[in-house]
Amino acid sequence: MYKYETHMHTAETSACASAAGEQQARRYKELGYDGIIITDHFFNGNCHESIKNCKDWYKKVDMFMSGYEAAKAEGDRIGLKVFFGLEYCYCGADLLTYGVDREWLYAHPEVMSLSVFDYAGLVHDSGGVLVHAHPFREAGYLNEIRLVPHYVDGVESYNCGNASEVYNERAKWYAESFGFVQTGGTDNHHLSAERLSGIYTQTPLESIDDYVQAIKTNNIAGIIYPEKLKN
Ligand SMILES: [Zn+2]
Ligand SMILES: [Zn+2]
C-alpha cells in the first residue's frame with residue numbers, strides 16, 4: 001500500500017500556515033509517506049495578501065505556486081512525490097481541486113469571476129475533480145454548513161483539522177448517503193501537527209492525474225486514520 005497526504009498548506013502561500021514547503025516535504029518523507037498534494041488556499045481563501053493583491057495574473061499564479069514549488073524541489077531531491085492542488089473557498093465551503101496546473105491557471109484568469117458552479121464546470125471540463133473538504137466543520141470563522149453535492153466528485157470524510165470527531169462522522173454520513181468517494185486529509189498547516197491523515201492506494205501515484213483517476217473510479221484503497229480525538 002502507498003500513502004499520500006491529500007490536503008496540506010505551505011507558509012509561502014497560505015497566510016495561516018507556518019511550515020515551509022521544503023519542511024513539509026521532509027517531514028512527510030520521514031513519516032513514510034510516498035507523496036503529498038499541496039493544496040494551498042486559493043485567491044478566494046486565506047492566501048497571503050501580497051498574492052491576492054497582485055494585479056499581474058501570471059505573476060499572481062507564480063506567487064501562488066511558490067509553496068508547491070518549494071515542496072516539489074525538496075521532494076525531487078529526497079524521493080517524495082509532490083503534486084499540485086488548490087483549496088477553493090466558496091463562502092465557507094472548501095473545495096479541494098485536483099487536476100489543474102500552472103498552464104491551466106495561466107489560461108483561465110476568469111476563474112475568480114466565475115460562480116462556484118461555473119468554476120466546478122470548468123474544472124470538470126478540463127478533466128479535474130473537486131473534493132469537498134471538511135463539509136461539516138463547525139468553527140468560529142464558519143457561519144453555515146454549505147453543501148454542493150451536484151458539483152463535487154468526492155468528500156473528505158476524515159479531516160484532522162476538525163475540532164470534534166462528530167464533524168467527521170457527519171461527513172462520512174453525507175458521503176455514504178450520496179455515494180461519494182471518500183478521502184482523508186490532515187489539512188496540515190504546521191510542523192507541530194501530530195495527527196496526520198491521508199489516503200492509501202494499491203498502486204503508486206506517478207502524477208496528479210493518477211489521483212484524479214483514483215477519485216473518478218473510486219479507487220482509493222483506504223483512509224489513514226490517526227488516533228481519535230477525545231471529544
Ligand atoms: Zn488555512
Ligand atoms: Zn485546508
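Predicted model: local features only at pLDDT ≥ 70, side-chain atom pairs only at ≥ 80, totals over all residues.
Visitor: What makes up the chain, in helices and strands?
Guide: Welcome! The chain has eight helices and nine strands. Its C-alpha atoms fill a box of roughly 45 × 40 × 35 Å along the principal axes.

Visitor: How do you know that the chain agrees with a compact globule?
Guide: We set one value against another. For 231 residues, a compact globule would have a radius of gyration near 17 Å, and the chain has 16 Å, so the two agree. Buried residues make up 46% of the 231 residues.

Visitor: Why is Asn-44 called partly exposed?
Guide: That is a matter of counting. Asn-44 has 16 other C-beta atoms within 10 Å. A buried residue needs 20 or more, and an exposed one has 12 or fewer, so a count in between is called partly exposed. You will find Asn-44 in the loop between S2 and helix H2 (49-53).

Visitor: Which residues does Asn-44 touch, not counting residues up to four places away in sequence?
Guide: Asn-44 touches Tyr-88, Cys-89 and Met-112. As for Ala-70, it is 26 residues from Asn-44 in sequence and 22 Å from it in space, C-alpha to C-alpha.

Visitor: In what order do the nine strands of the open sheet stand?
Guide: The order is S7-S6-S5-S4-S3-S2-S1-S8-S9, with mixed pairing. Strand S7 (181-185) and strand S9 (222-223) are at the edges because each has a single partner strand, which leaves one side of each without a neighbour in the sheet.

Visitor: How do you know that S5 pairs with S4 and S6?
Guide: Count the bridges, since two strands pair if there are at least two bridges between them. Strand S4 (residues 93-98) and S5 are joined by five bridges and run antiparallel. Between S5 and strand S6 (residues 154-159) there are two bridges, and these strands run parallel. Let's point to some partners: Asp-94 has Ala-133 in S5 as its bridge partner, Val-131 stands opposite Gly-154 in S6, and His-132 stands opposite Val-155 in S6.

Visitor: What makes S5 a mostly covered strand?
Guide: Five of the five residues of S5 (residues 129-133) are buried. In a regular strand, side chains alternate between the two faces of the sheet. In S5, Val-129, Val-131 and Ala-133 are buried on one side, and Leu-130 and His-132 are buried on the other.

Visitor: How do you know that the buried residues of H6 are on the same side?
Guide: Helix H6 (residues 116-125) has Tyr-119, Ala-120 and Val-123 as its buried residues. They span an arc of only 100 degrees around the axis, which puts them on the same side of H6. The face turned away from that buried side carries the exposed residues Phe-117 and Asp-125. What covers the buried residues of H6 includes S3, S4 and S5. After H6 comes Gly-127, with a positive phi near 95 degrees.

Visitor: Why are the buried residues of H8 said to be on the same side?
Guide: In helix H8 (residues 208-216), the buried residues are Ile-208, Tyr-211, Val-212, Ala-214 and Ile-215. Their arc around the axis is only 160 degrees, so they are on the same side of H8. Just after H8, Asn-218 has a positive phi of about 55 degrees.

Visitor: Which strands does helix H1 lie across?
Guide: Helix H1 (residues 21-30) lies across strand S1 (2-5), strand S2 (35-41) and strand S3 (81-90), and runs at about 150 degrees to S2.

Terms used
Residues numbered from 1 in each chain as written. Chains lettered and ligands numbered in written order. Helix = DSSP H or I, 4+ residues; strand = E, 2+ residues; numbered from the N terminus. Contact = placed C-beta atoms within 7 Å. Axes fitted to C-alpha atoms, helices over the stretch in contact; angles between N-to-C directions. Arc of directions from axis to C-beta. Rg over C-alpha atoms; globule rule 2.2 N^0.38 Å.
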